[in-house]
Amino acid sequence: VDPGAATDQVFLILFATGVRRRPELTSVRARIGGLDVDVLFAGAQGGLAGLDQLNLRLSRDLMAQLAGRGDVELLVSVAGQPANAVRISVALAP
C-alpha cells in the first residue's frame, strides 16, 4: 500500500451480503490486526442486486501500526453479528 501524499486517503473496499439491513452505520464495526478501522459506508453496492459494499478508511496512523506485520485478521460485525474472519496481507510500499 502506498499511502501517497499527506493529503491522500486510502480505502479498503469489501463486498458482502446482508449489510444493507443494518440498523445504522455505527452498528458496523471493522478491525484489522486488532485495530479499529473507520467504516465510512456500508450498504447496497448499487450495480449488482443483492451485493453490499463496505468502504473502510485506512488512516495513516493505522497503516503505520500495521506496517510490516504481514498476515493479519480482518474482522467485521454488523449489529453485533460477526462475519467470517479473513486474513489479509499488509505490506507497505517503501
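Modeller: Arg31 and Asp36 form a salt bridge, with 2.6 Å between their closest N and O atoms; the term denotes a side-chain nitrogen of Lys or Arg within 4 Å of a carboxyl oxygen of Asp or Glu. The model is a predicted one, in which local features need pLDDT of at least 70 and side-chain atom pairs count only at pLDDT 80 or more, while totals for chains, interfaces and linings use all residues. Residues are numbered from 1 along each chain as its sequence is written, and side-chain values use heavy atoms, with hydrogens and water left out.

Arg31 has a relative accessibility of 30% and therefore counts as partly exposed; buried means under 20% relative accessible area, exposed over 50%, and partly exposed in between, with a 1.4 Å probe and protein chains only. Asp36, at 48% relative accessibility, is likewise partly exposed. In general, side chains of opposite charge can pair when their charged atoms come close.

The structure holds 4 salt bridges. One of them joins Asp52 to Arg20, the closest N and O atoms being 2.6 Å apart. This pair links distant parts of the chain, 32 residues apart: Asp52 belongs to strand 4 (residues 52-58), and Arg20 to the loop between strand 1 and strand 2 (28-32). Strands are DSSP runs (E, at least two residues), and helices are runs of H or I with at least four residues, both numbered from the N terminus. Asp52 counts as buried because its relative accessibility is 0%, whereas Arg20 is partly exposed, at 37% relative accessible area.

A salt bridge also connects Asp38 with Arg57, whose closest N and O atoms are 2.5 Å apart. Asp38 lies in strand 3 and Arg57 in strand 4, so the pair ties together parts that are 19 residues apart in sequence. Asp38 is partly exposed, with a relative accessible area of 34%, and Arg57 is partly exposed as well, with 25%.

Among the residues described, Asp52 is buried, while Arg31 and Asp36 are partly exposed.
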